[in-house]
Amino acid sequence: MVSFYPGPSQINPEIPLFVQQAYENGTTSCNHRSNQFMDLYKATLHTFKKKLNLPSDYTLAFVSSATECWEIITQSYKNLATTHLYNGAFGEKWGQYNQNLGGKPNLLPYALDWTPSQVFDRLESTELICITPTETSNGTQWPVQDLQTLRNTSDTALIAADATASLGGIHLPFELADIWFASVQKCLGLPAGLGILILSPKAIEIAQKQPNTYYNGINNIVKNANKFQTTHTPNVLGIYLLNAVLKSRDNIVKIEKETKAKQKFFDNFLQTIPHLNYACSNPHVLSPTVFALLTKEANTIKEICLQEGMVIGNGYGEWKHNTIRIANFPELKLENFKALAAVLLRILK
Ligand SMILES: *Cc1c(COP(=O)(O)O)cnc(C)c1O
């Protein structure tokens, strides 16, 4: 079975081998305050910086999940004037939970096939901007150029970016935001159960000025990360697998090229197929890592693909019934897309 679900998705085929290694070398039972764990943390940080081009002054922390990061960020900066920019279900939920936790964020939804001016024209002065550059629910993505404009127009504000469906699949412009986070079951090709939180020096400096009483808050997370430890007993096996998978992969610049080559293949294929189109009609904001496709045949496509050994993602949120979603993550190869295209052609032509 090949899973094109946009998370959890196809995992790296060497995982069983790496799990066996982790069992044999004692990682799976090591204590999270031990030297063995701290060495693993250091090694993973080194690999992460090298393979994903993370700037050397950014801090890498391990948490439980991306959605936990929504809370960590909200709690850690709750005194800052906060703005949430979103055009889909994930970004919207993050904003809603900020409100549920007692915050008074400024919520700025924008259109599916948005243009940057629609967003920038409405952005007022604020201290924390929360964005979802890759919106997994509808397959849209902020172009790097617009992240650059956001950075330039809001240079004193902190920018927090939910990179769950892109970290590991494309090169992220880390310097254009202060906080990035993701879960590992998307572009990193790992089993679920580990979150990654990345912080710039400015994110840490501003957090330290906040009254921080939250146990899994940024100050406590950073205090532990500086010792190569975590606030809680983390998913140690997950961290081991993250290091092992990243070590086995090419640098992200090369991976991004492959991601875009597969996207191009799929784009070209879509043009030959009637009645299957991207949900978003603006080609400049299409995500290379998640495709959301409008179709009246969603159920038929999912059923027949399943019979052919391919799992297709359901639509999400308001798009549940009239879209399908297809992940273009690094563990899904060009051959997989060719096989998928052949089946889709048979169904839709
Ligand atoms: C998948 C996803 C999440 C949720 O990740 P969890 O691991 O379930 O916490 C959050 N944001 C985006 C953009 C996602 O794609």
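Two strands are taken to pair if DSSP finds at least two bridges between them. Strands (E, at least two residues) and helices (H or I, at least four) are DSSP runs, numbered from the N terminus. Residue numbers start from 1 along each chain as its sequence is written. Because the model is predicted, local features need pLDDT of at least 70 and side-chain atom pairs count only at pLDDT 80 or more, while totals for chains, interfaces and linings use all residues; side-chain values use heavy atoms, with hydrogens and water left out.

**Sheet**

Leu293 stands opposite Ile324 in S15. Strand S12 (residues 290-294) and strand S15 (residues 323-327) are antiparallel partners, joined over five bridges. Both belong to an open sheet of four strands, whose order is S11-S12-S15-S14 and whose pairing is antiparallel. Strand S11 (277-278) and strand S14 (313-314) are at the edges with a single partner strand each, so one side of each is left without a neighbour in the sheet.

Helix H10 (residues 252-271) lies across S11, S12 and S15 and runs at about 10° to S12. Contact here means heavy atoms within 4.5 Å. Axes are lines fitted to C-alpha atoms, for helices over the stretch in contact, and angles run from 0 to 180 degrees between N-to-C directions.

**Ligand site**

| Side chain | Distance to ligand oxygen |
|---|---|
| Ser65 | 3.5 Å |
| Thr136 | 2.4 Å |
| Gln185 | 2.9 Å |

Taken alone, the ligand exposes 390 Å², and the protein buries 85% of that. Accessible areas come from the Shrake-Rupley method with a 1.4 Å probe.

**Backbone features**

Gly7 and Pro8 are joined by a cis peptide bond with omega of about -10°. Pro8 is placed in the loop between strand S1 (2-3) and helix H1 (15-24). Asn53 has a positive phi of about 55°, although it is not a glycine, and is found in the loop between helix H2 (35-52) and strand S2 (59-63).

Definitions and conventions:
A polar contact is a pair of N or O atoms within 3.5 Å; within protein, one must be able to donate a hydrogen and the other to accept it, and residues adjacent in sequence count only if both atoms are side-chain atoms.
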